[in-house]
Structures are given as C-alpha cells and as structure tokens.
Amino acid sequence: MSFGEQFPVYSPELFPGTTATVHFGYLVAPYWVDGDLRRGGNITWEILTSGGSEIADQYLGQVSQFIEVQQNATFVGNWMLMVNYMRVPPFLSSFPTNTFQAVLITNGTNSYAVFTYECPEVQWGNYATIGFNAGGTYFENHEFSGSTDAPTIDCIAEPELVSNLVYDLVPSPGDVQCTTSTPEPPSSLETCRGSGYETCCASTCASTTIECFCDPTCHFFGDCCRDIDELCPMGDFTLGETYLLFANSYHINRVSVNGSSFEILYSEQFSGGIVALDYDYRDDMMYWSNINQGALSRAYLNGSNPELLYNTSDPSIYDLAVDWVNGKLYWTEDTRGEVLVLDLQTRLKRTLIANYDTATTRAIVVDPTTKYMYWTDWGDEARIERAGMDGTNRSILHNTNLVWPNGLTLDIPGQKIYWIDASLDTIEFSFTDGSGRTLLDRQDDVIFHPFSLTFADDFLFWSDWVQLTIFTTHRDRPNDNIVQLDLFTPLIYPPHGIEAVTPDRQPQVENPCDSASCNSSSMCLLSPTSPDGYTCVCADDVPDCIGEISEISYLEVFIKLLVTRTALKRL
C-alpha cells in the first residue's frame with residue numbers, strides 16, 4: 001500500500017530498497033508480490049472510525065486490545081483502515097491464490113500495521129516482501145522477506161494456524177539517522193553538465209522525520225533531485241556503434257553496451273505504461289507499446305517527432321516486432337492470445353493468429369530473411385511457436401520444460417532462437433526449426449524475473465524486473481560470467497522491453513511485396529509457403545475484400561456481379 005500516488009514497481013524488493021521506494025515514502029507491504037487482479041480475486045477496503053457504528057467500535061476495540069498485548073503498551077485506536085486481499089492470483093495466471101488482511105490503525109499519535117494470514121491461504125509468492133518502509137530511514141523486513149520461506153508466513157503460528165504481525169509505524173527519535181543537515185533548500189539549480197544529477201535537494205532533521213525539498217523543475221531521485229528537462233548523458237555515442245534501447249514504463253532510454261553512456265530519448269512522464277519496443281535501423285525509427293493507453297506509437301531513434309500509430313481495444317501489448325523489409329508491425333495481445341500485424345503505410349490491421357481462452361501470447365520476433373515469425377505463450381500449455389509472417393504454416397517448436405518464456409531474440413546469421421524463462425530462471429536456445437535445444441544457463445541466485453531478451457555482437461542482454469537492472473553474458477559461455485551493467489543512472493522503474501540497436505541485426509534482402517499487386521483493402525505479407533514469397537491478405541473488418549488484383553480476379557468480380565443482377569431480375 002502506497003500513499004499519495006500509485007506505486008509503479010510490481011516486483012518486490014527488500015526495504016529500504018532502491019530509490020523507487022525511498023521516493024514514495026511510506027510503503028506498507030503485507031505481502032508485496034506481483035499479483036494480477038485481471039485474472040481473478042479482488043481487494044476490498046473499509047474505513048472505521050470511533051463512534052461511527054457499534055460494529056466499528058467493536059473492531060477498533062478488538063484490534064486496540066490485541067496491539068496492547070503485543071506491544072505491551074496502552075493504546076486505544078480511533079481510526080482504522082481494513083484491507084482484505086481475496087484470492088489474488090500471480091501475474092498472468094489464475095491460480096494458485098493468496099488471501100490475507102492488512103489493518104492500519106491510529107489514535108492520532110501512535111500508528112500500527114497489523115497483518116493477518118490464515119493457514120493455508122497464502123499459496124504462492126517466493127521472495128515476497130513483508131514489512132514496511134518509511135522513506136528509507138525507518139523500515140523493517142520480516143525474516144521471511146525475499147526468501148522462498150515467504151509463502152509459509154500463514155502457517156507459522158501453530159496450533160492456532162492464524163499468523164498476526166504487528167508493526168509500529170511511528171519511529172522513536174533514535175530510529176532515524178540524519179544524513180544531510182541543510183536547513184533550507186538551495187535558491188537556484190546547478191546546470192547539469194555531464195554529472196547526471198542536480199544538487200537541488202536539501203534535508204532538515206526533526207526529532208522523528210526527514211524532510212526533503214525539491215525545486216519544482218526537478219524530479220526526486222534518491223537523495224538528490226534531477227532536472228526533468230535535462231537528458232544528462234554521461235558520455236557521447238558514436239554514430240554506428242551498437243547500443244541498447246530499453247523501456248521502463250515512463251521512459252525509453254539509450255545505454256551503451258557497457259553501461260557507461262546513458263540517455264533518456266523519450267518520456268511519458270504522466271501516463272507511464274511503455275513496455276514493448278523495437279526499431280527499424282534503415283528508417284531510423286523506434287516503435288513502442290503503451291499498456292496504459294492501449295496504443296502503438298513510433299518516433300525517430302533520437303526520440304523526436306513521436307506519432308500515434310494505432311489505438312487497440314486491448315491494453316495488454318507486452319511485445320512487438322518490426323518487419324524492417326516490408327514495413328509491417330507485428331504484436332501480441334496477451335489476454336486474447338492473438339498475434340496481429342499493422343501495415344505502417346495504410347494502417348490496415350490483420351489478426352493472424354486467433355487462439356483460444358487458455359492462450360497467453362507474450363514475446364514475438366520476426367525474421368524477414370526467412371519470412372517466419374516466432375512467439376511465446378504462457379497459457380495452460382506454455383510453448384514457443386512459429387508461423388509464416390502471413391500466419392500460414394504454424395507449428396509448435398517447444399512445449400516442454402517451459403513455464404514463463406518471457407523473452408525471445410534471434411541470431412539470424414546462425415538461424416538460432418534464444419529465450420529466457422522468468423519462472424525457471426533459465427536461458428536456452430535452439431535452431432529455428434526447433435532442433436538442437438540447448439540449456440545455456442540456470443542461476444536462481446542471479447536471474448530473478450527476466451522480462452525481455454536481446455542479442456548483439458555474441459552477447460545476450462536481458463532486463464530484470466526484480467533487480468531493476470540489465471544483465472549480459474556471452475552467448476557461448478554464460479556459465480563463465482553473468483555481468484550486471486554498471487548503469488550510471490540507477491533505475492527507478494522496472495526495465496521492460498530491451499533491444500540491441502545495430503544494422504547487423506537487420507540484414508537487408510529483396511522485398512517480394514515491391515512487385516505485388518494487392519488490393520487497397522488488403523495488405524501484402526511475406527510468406528514462406530507462397531511461390532512468389534508473399535500473400536495478399538484481407539484486413540480485419542473489411543467486407544467483400546478481394547486480396548490480389550489480377551485480370552482473373554477482375555473477371556471473377558464481373559461474373560459475380562452479372563450473376564447477382566440476373567438473379568435479382570428473376571426475383
């Protein structure tokens with residue numbers, strides 16, 4: 001539970017955590033783990049005040065009495081917030097579920113949090129955080145936090161089988177340590193000139209709190225403030241060099257492959273929700289999805305001239321892929337289990353793969369050189385599939401030893417496909433026909449919740465939600481060394497989609513659609529099964545669409561119209 005604004009970090013971290021938890025001040029975590037109310041369950045809450053009703057006074061009295069016993073202190077609460085988490089499932093799943101309760105109670109001077117768990121109602125959530133944080137200077141983690149013991153929190157109170165935790169949320173004077181003691185904030189900003197930070201934040205120490213003041217033009221960033229309008233790159237990027245693009249909800253960022261240079265290219269400061277991204281190197285464009293807006297957008301690779309491409313009716317676009325040869329944008333829609341394509345010139349849309357209720361399509365990559373696309377599915381039967389970029393010739397490459405295949409990337413010259421599993425903490429690859437499956441690495445103590453995977457210059461890079469960073473390893477020697485990029489700027493929000501930008505990853509080949517003659521209501525898609533190398537497919541919601549234009553098709557249309565007119569005359 002956060003206060004004042006929505007907390008943007010899904011994956012748990014031990015308190016005091018990163019600058020993200022510091023920024024948001026008070027956080028109360030009865031069981032912080034990545035749940036998904038879209039899949040089931042609900043959260044209910046109620047505020048009770050003294051004298052409000054007979055039952056309110058009864059509840060307040062019971063909780064106050066319990067706290068008095070637990071804390072060995074006199075306490076009578078007069079205000080209480082009661083929150084019930086009912087049958088909450090994991091992210092992108094519907095089972096198992098967790099049920100527990102959190103109560104915040106105060107008398108205006110003392111405040112407590114009471115967490116209640118009944119055995120066996122907590123059924124999932126390894127590495128959950130249990131406790132609270134008060135701005136990074138006063139916090140507490142339960143001993144099970146961040147460990148595989150977390151789901152057993154509900155059954156430790158034998159024989160009662162009801163676990164209760166009580167936390168005192170108001171620190172004593174000795175609990176808070178003052179790290180900075182400047183009585184007033186600076187009157188002016190120092191211009192950001194390569195340091196990446198602003199010295200526009202001051203702290204004043206009181207008996208129990210630390211207050212921090214930021215200039216209105218700054219964004220609170222840990223123990224200082226950063227100028228919102230400054231990109232503050234640490235170093236310069238050389239034209240043509242390989243670099244990484246990654247999204248972290250509010251920003252699209254560019255970082256060098258060794259982490260030494262960092263730059264914010266594009267920001268959506270108020271809405272957030274940037275998740276998936278890809279790029280077209282030849283056209284100097286980048287593309288992204290926003291799950292809060294259900295939108296697909298693009299801009300130049302330097303972040304300029306952003307443009308909305310398409311508004312979808314489904315906000316769950318967790319990955320997309322650009323066909324850099326034929327000018328198409330492919331994406332997956334998680335909740336519908338679909339794979340779709342958008343013509344970047346005409347903006348026509350086509351649903352290529354329409355799955356079933358148990359499908360949860362996730363990562364997607366395309367290879368225009370072979371005219372195949374590949375995607376992952378988190379559904380009841382987790383799998384990796386491929387099909388032609390026109391949706392034909394669909395087949396399953398892998399459907400064993402998979403749980404959450406989260407990221408895909410291609411080695412096009414070697415015709416290999418790599419993936420990373422967020423549940424099994426594994427990195428694997430196979431050839432693009434499914435043969436030669438090989439486990440590259442499994443490190444539970446390093447890989448926690450990988451989201452997206454990319455490949456360049458013999459190295460794999462992936463984003464990690466839990467550790468708020470990017471990791472890399474050599475594709476042939478992953479067990480030798482997994483390295484965390486030493487990012488100059490710490491990440492506040494979890495990194496999502498990541499792509500290595502280099503022309504080597506997008507080889508240019510002849511586009512058979514350049515000589516195709518598709519109707520204006522259809523689109524030309526690359527096809528591995530067509531002798532011509534392409535297929536004209538009708539766009540969604542276009543009635544009476546005729547795919548390819550030819551003399552025969554015109555004759556067929558004329559005959560159909562003639563027959564229809566004759567039939568009408570007979571009627």
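Student: How many of the residues of strand 24 (residues 361-367) are buried?

Tutor: This is a predicted model, where local features need pLDDT of at least 70, side-chain atom pairs count only at pLDDT 80 or more, and totals for chains, interfaces and linings use all residues. Strands are DSSP runs (E, at least two residues) numbered from the N terminus, and buried means under 20% relative accessible area, exposed over 50%, partly exposed in between (1.4 Å probe, protein chains only). Strand 24 is mostly covered, and of its seven residues the number buried is seven.

Student: Which residue in the turn between strand 24 and strand 25 has a positive phi?

Tutor: Strand 24 and strand 25 (residues 372-377) run antiparallel and are joined by five bridges; two strands pair if DSSP finds at least two bridges between them. Across this pairing, Val365 stands opposite Tyr374. The two strands form a hairpin with four residues between them, and the one in the turn with a positive phi of about 70° is Lys371.

Student: How far is buried Asp278 from the nearest side chain of opposite charge?

Tutor: Asp278 sits in strand 16 (residues 274-280), and its side chain reaches the backbone nitrogen of Val322 at 2.8 Å. Its contacts (heavy atoms within 4.5 Å) beyond four places in sequence include Met286, Tyr287, Leu320 and Glu499. Lys and Arg count as positive and Asp and Glu as negative, with His and the chain ends not counted, and a salt bridge is a side-chain nitrogen of Lys or Arg within 4 Å of a carboxyl oxygen of Asp or Glu. Asp278 has no salt bridge, and its distance to Arg505, the nearest side chain of opposite charge, is 5.5 Å.

Student: How many residues does the largest nonpolar core have?

Tutor: A nonpolar core is a set of buried Ala, Val, Leu, Ile, Met, Phe, Trp, Tyr and Cys residues joined through side-chain atoms within 4.5 Å. In the largest one, Tyr31, Phe115 and Ile130 are among the residues with the most contacts inside the core, and the elements giving two or more residues include strand 1 (26-32) and strand 5 (111-122). Apart from it lies another core of 22 residues, among them Val341 and Leu526. The residue count of the largest core is 26.

Student: Which peptide bond in this chain is described as cis?

Tutor: Look at strand 5, where Pro120 has its place. The omega there is near 5°, and the cis bond runs from Cys119 to Pro120.

Student: Which strands stand at the edges of the open sheet of four strands?

Tutor: The sheet has the order 32-33-34-35, with antiparallel pairing. Within it, five bridges join strand 32 to strand 33, where Phe455 has Leu460 as its bridge partner. One side of each edge strand is left without a neighbour in the sheet, because each has a single partner strand; these are strand 32 and strand 35.

Notes. Residues are numbered from 1 along each chain as its sequence is written. Side-chain values use heavy atoms; hydrogens and water are left out. A polar contact is a pair of N or O atoms within 3.5 Å; within protein, one must be able to donate a hydrogen and the other to accept it, and residues adjacent in sequence count only if both atoms are side-chain atoms.
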